[in-house]
Amino acid sequence: MTSNTAITAAAATSFSSLGLSKQLMEGIEALEFTQMTLTQQVCLPDVLAGKDVAVQAKTGSGKTLAFALGLLSKIEIEAKKPQALIMCPTRELAEQVAEQVRLIAKRMANLKVVTLVGGMPMGPQIISLRYGSNVVVGTPGRIMDHIGKRTLSLKKVNCFVLDEADRMLDMGFEDEMRVVMHHLSQNAQAATRQTLLFSATFPEKIKSITDQYQRDAKIIKVEDGQAAPNIEQQAYRISNEHRTQAVAALLTHHQIESTIVFCRTRIETRELSEELYQMGFAAAGLHGDLEQSERSQVLARFANKTVSVLVATDVAARGLDIERVDLIINHRVSEDIDTHTHRIGRTGRAEEKGLAITLIDDAEESRLDEIAAKTDAKINKLHIQGVRFHANRIREPEYVCIAVDGGKRDKLRPGDILGALTKEAEIPGEDIGKISISARHAYIAIKARSVKRALNQFREKRIKGKRFKARKL
Ligand code: ADP
Ligand code: MG
């Protein structure tokens with residue numbers, strides 16, 4: 001049996017109303033979160049009470065923290081065997097979730113979070129599992145591999161999270177989800193285990209999973225109407241052969257620091273990003289044909305603002321925690337309303353008004369009208385004739401990017417790199433932007449004038465006793 005609640009507003013907004021441990025409260029403070037998001041307000045009481053919950057809430061509503069607090073508040077660090085298992089559809093999402101769990105749990109000494117994702121060797125994952133891990137975050141395929149090899153024990157798992165469940169179904173992971181839940185249903189914790197499901201949409205299949213694997217699940221739909229008024233929507237009528245030109249014209253017209261352009265297919269994404277790049281934009285494509293490392297690199301560069309135009313497919317961008325941008329361009333109208341809503345929801349930050357522009361030819365206009373009617377949105381239709389592409393008005397990123405072949409694996413931290421560049425190479429601090437570090441790479445945003453000096457530093461000197469290869473991207 002399930003109960004259904006649709007929620008649009010709630011009362012208590014402060015984390016202190018939740019009765020969390022001191023360590024978790026300190027973790028939240030360190031992240032500088034002062035208020036719960038609406039999604040957190042409505043689901044955390046049930047999550048913390050140990051109930052099975054299925055939450056439908058849109059991307060960016062803070063679902064990760066909601067389940068992270070739930071599972072962390074049940075962990076016994078001494079137990080050494082995984083007590084929480086989180087399944088995510090993609091490697092990037094798994095990495096992001098693991099990162100957030102680690103941040104929240106910063107004050108929980110000795111808590112170990114392990115990520116099990118494909119494309120990485122099994123060996124180190126097996127070792128991490130063997131030496132005691134409390135929280136496991138992984139993708140379906142790799143979790144299954146470890147279960148098959150008996151290197152991942154599910155015996156003590158008392159909290160199981162399906163994150164982005166709709167996306168996992170879209171990607172064809174239904175069998176893997178069911179097999180893992182079947183394994184879990186046979187373990188010693190089965191009677192008391194909590195199963196949490198998070199999803200942006202709620203197709204029939206999700207209901208069936210909820211009915212079959214969750215106990216008396218409470219289904220919570222969070223309808224957050226706040227984002228809509230903050231987004232201005234425009235449409236430009238164009239003829240099909242002028243689409244690329246129109247995107248370029250809009251980019252030089254608005255001159256925004258970071259823009260996301262959504263395309264419907266991988267091919268369109270690749271072609272458009274290449275064309276924009278040829279025209280002189282700091283553009284990069286994000287789509288399923290890229291290697292894992294290429295995708296991480298694109299995301300890191302968009303985040304550190306050395307790529308200013310991200311051209312993405314819906315599938316590649318969905319669920320990712322990409323900072324909201326001021327301009328979204330829909331290269332074509334979305335197939336469906338949900339996709340359109342997801343896309344435009346990437347703009348409209350808390351304070352500022354976001355702009356979402358959709359390009360339409362004659363055939364697409366009626367679809368956009370339908371979307372506007374069903375979402376109760378007002379979309380201004382404008383003529384592209386007044387908007388021209390000017391090569392000399394392309395907004396150049398403030399920084400360029402240096403990629404370093406060394407990352408967390410090599411115990412590299414942003415501070416080590418910053419120290420080497422500012423103290424040893426004597427590069428002024430203001431020339432260095434964001435430094436982000438993934439498992440195997442580091443990405444440094446740096447002013448063009450200091451690139452040479454930085455590359456020399458990497459070529460000639462060591463960091464933490466090691467020499468790292470670095471190159472300008
Ligand atoms: P979702 O999974 O719902 O798409 P995320 O969990 O990825 O959303 O959160 C989106 C962003 O919001 C993240 O950058 C996260 O750090 C931030 N965030 C989450 N909770 C809060 C909060 N209570 N206050 C401020 N920011 C938050
Ligand atoms: Mg999420």
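1. A crossing of two helices is called left-handed if the near helix is turned anticlockwise from the far one by less than a right angle, and right-handed if clockwise. In this predicted model, helix 16 and helix 17 cross in the right-handed sense. Helices here are DSSP runs (H or I, at least four residues) and strands likewise (E, at least two), numbered from the N terminus.

2. Local features need pLDDT of at least 70 and side-chain atom pairs pLDDT 80 or more, while totals for chains, interfaces and linings use all residues. Residues are numbered from 1 along each chain as its sequence is written, and side-chain values use heavy atoms, without hydrogens and water.

3. Helix 16 (residues 414-424) packs against helix 17 (residues 451-460) at about 110 degrees, their axes 10 Å apart. Helix 16 is therefore roughly perpendicular to helix 17 (a term for angles of 65 to 115 degrees). Axes are lines fitted to C-alpha atoms over the stretch in contact, and angles run from 0 to 180 degrees between N-to-C directions.

4. Contact (heavy atoms within 4.5 Å) joins Ile417, Ala420, Leu421 and Glu424 of helix 16 to Ala454, Gln457 and Phe458 of helix 17. By class, this contact comprises 5 nonpolar, 1 polar and 1 charged residues. Ala, Val, Leu, Ile, Met, Phe, Trp, Tyr, Cys and Pro count as nonpolar, Asp, Glu, Lys and Arg as charged, and the others, Gly among them, as polar.

Definitions and conventions:
Chains lettered and ligands numbered in written order. Parallel < 35°, antiparallel > 145°, perpendicular 65-115°, else oblique.
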